[in-house]
Amino acid sequence: RMAQLLEEFIDQTISMITNDGRHLVGTLRGMDQHVNIVVEECYERVYKADSSVAFVPLGLYLVRGDNVAVIGELDRKLDQQTKSEKIRAEPLKPIVH
């Protein structure tokens with residue numbers, strides 16, 4: 001069911017938060033019935049309270065479906081207008097079940 005909902009995001013830029021608190025951004029290329037996600041041109045946004053956001057390139061990346069907490073489409077134009085050098089934030093904590 002979830003894979004069907006995500007099909008509309010294929011070839012779109014997505015933003016994903018994982019259960020371990022990572023923020024990943026990239027182009028959704030595919031997924032399977034277990035919602036394992038394939039993201040191309042993926043990078044991680046690393047947040048720190050005392051410095052600006054760091055961007056860590058990951059390339060082609062696979063995320064296990066059971067590690068996805070939140071996923072959604074990202075508006076690239078709006079995202080590019082955001083001044084990331086001014087963003088400060090505490091890193092997200094992992095989800096504890």
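V35 is buried, with a relative accessible area of 15%; buried here means under 20% relative accessible area, exposed over 50%, and partly exposed in between, with a 1.4 Å probe and protein chains only. The structure is a predicted model, in which local features need pLDDT of at least 70, side-chain atom pairs count only at pLDDT 80 or more, and totals for chains, interfaces and linings use all residues. Residues are numbered from 1 along each chain as its sequence is written, and side-chain values use heavy atoms, with hydrogens and water left out.

V35 occupies the loop between strand 2 and strand 3, where strands (E, at least two residues) are DSSP runs numbered from the N terminus. Its phi is near 60°, a positive value in a residue other than glycine. Most residues other than glycine have a negative phi. E41 lies in strand 3 and is exposed, with a relative accessible area of 53%.

The strand pairing gives these residues their setting; two strands pair if DSSP finds at least two bridges between them. Strand 1 and strand 2 run antiparallel and are joined by five bridges, with S15 standing opposite V25 of strand 2. The hairpin that they form has four residues between the strands, and there G21 takes a positive phi near 90°. Strand 2 is also antiparallel to strand 3, to which seven bridges join it. On this side V25 stands opposite Y43 in strand 3. The hairpin of strand 2 and strand 3 has five residues between the strands, and V35 is the residue there with a positive phi near 60°. Strand 2 itself is mostly covered, seven of its nine residues being buried.

V35 also belongs to the largest nonpolar core, a group of 12 residues made up of L6, F9, I14, M16, L24, L28, V35, I37, V39, C42, V63 and V68. Such a core is a set of buried Ala, Val, Leu, Ile, Met, Phe, Trp, Tyr and Cys residues joined through side-chain atoms within 4.5 Å. At least two residues of this core come from each of strand 1 (13-18), strand 2 (23-31) and strand 3 (37-46). The most is given by strand 3, with three residues.

V68 is another member of this core. Leaving aside residues up to four places away in sequence, V68 touches M16, I17, N19, I37 and V63, a contact being heavy atoms within 4.5 Å.
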